[in-house]
Amino acid sequence: MPIFIESQINPSDNRHLKKVLEIIDAISEGTIVWLASDFQKFHLEEVSGYIKSQKHKYIDFFALRLNQEAIKRSSEVNKLYKLDVWNNLYRVGGSQYPPLETYYAYSQVPSAHTGRAIVKVSYDFERVEDVKQYMLEKFRIHIPYLTNVWKSKKHNSNDCQLSIGGGRGGVNFKVSARNKYGHASIYLHFEKCQEKLYHTFESRIKGLQKVIHPMLKAEVRKIGVSFKPDNDLDTTIRNLSQLLDKMLKAMGPELYAGLR
């Protein structure tokens, strides 16, 4: 069944209560999870009472309380260099303080209800948007520490390039498994407002070629490389992942931690 999450780091309030009630109105079945640092009893009574008033809906409701120690640890991790956050998430969950505890639960789903069938995604690699979605999912495996790859994207069927945020406004990675010239490519694009940052990298292009790729080039506020794609799409995506990983390691300090 679908899962709907309403989250806040402060105690439950009327604004978030209203959102939970709106979710109940909008669905016929599903699991609703409300995260908060604490809950007011009347908020939970209103939610459970509202669900009970709609017996035809199959809804499970959980109020999960955030541990204050987990909030503190999350704040500490949030101060880290952005590309180090993924590998330090264990500092939030891997302690003697579980990040979440079940504070309240109410179920209105019959035990015999099986929910919806899970349909395996079938890709049509003749469709540009399917190739980009597949590429995004592979990046989540190959470079999970780049948290931008975990964001859902609406793909433009008229653009073969997958766009991924480059750490600051006006900077984006553009990645293609096969562009309009028949090449695989990965380029970091800089808008006019980031021209100074572009020239910083342009001045270091020879050093970047040594650690990223010998054919890396900088031109027209773009830094990257194109190459002949492999006949196997997975191999091409793996090669793009390796290049993106190298670019992040070489250029990341300026992109994600500010200019030194």
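Predicted model: local features only at pLDDT ≥ 70, side-chain atom pairs only at ≥ 80, totals over all residues.
Me: Thanks! With that in hand, is Cys-160 buried, exposed or partly exposed?

Reply: The relative accessible area of Cys-160 is 23%. Buried would need under 20% and exposed over 50%, so Cys-160 is partly exposed.

Me: And which class does Cys-193 belong to?

Reply: For Cys-193 the relative accessible area comes to 59%. The cut-off to pass is 50%, so Cys-193 counts as exposed.

Me: How many disulfides does a search of the whole structure find?

Reply: A pair of cysteine sulfur atoms has to lie within 2.5 Å to count. With that cut-off, the number of disulfides found in the whole structure is 0.

Me: Let's go inside. Which element gives the largest share of the largest nonpolar core?

Reply: This core has 41 residues, and Phe-139, Leu-146, Phe-173, Met-251 and Leu-255 touch the most other members. Elements giving two or more residues to the core include helix H5 (128–142), strand E6 (171–176) and helix H8 (233–257). The largest share, 11 residues, comes from H8.

Me: Which residues is Met-251 in contact with, leaving aside neighbours within four places in sequence?

Reply: Met-251 is one of the core residues that touch the most other members. Beyond its sequence neighbours within four places, the contacts of Met-251 are Leu-188, Phe-201, Leu-208, Ile-212 and Ile-223.

Me: What about the surface: which residues make the nonpolar patch of about 280 Å²?

Reply: A patch member needs over 30% relative accessible area. Trp-86, in the loop between helix H3 (68–78) and helix H4 (90–93), is partly exposed at 31%. The patch is made by Trp-86, Leu-89 and Trp-150.

Me: One last thing: how many Å apart in space are Gln-108 and Ser-203, C-alpha to C-alpha?

Reply: Gln-108 lies in the loop between strand E4 (100–107) and H5, and counts as buried at 9% relative accessibility. In sequence, Gln-108 and Ser-203 are 95 residues apart. In space, their C-alpha to C-alpha distance is 63 Å.

Terms used
Residues numbered from 1 in each chain as written. Heavy atoms only, no water. Core = buried A, V, L, I, M, F, W, Y, C linked by side-chain atoms within 4.5 Å. Buried < 20%, exposed > 50% of the residue type's maximum accessible area, 1.4 Å probe, protein only. Helix = DSSP H or I, 4+ residues; strand = E, 2+ residues; numbered from the N terminus. Contact = heavy atoms within 4.5 Å. Patch = residues over 30% accessible without salt bridge, like charges linked within 9 Å, V, L, I, M, F, W, Y side chains within 5 Å. Areas by Shrake-Rupley, 256 points an atom, 1.4 Å probe, with all protein chains shown as cover. Salt bridge = Lys/Arg side-chain N within 4 Å of Asp/Glu carboxyl O.
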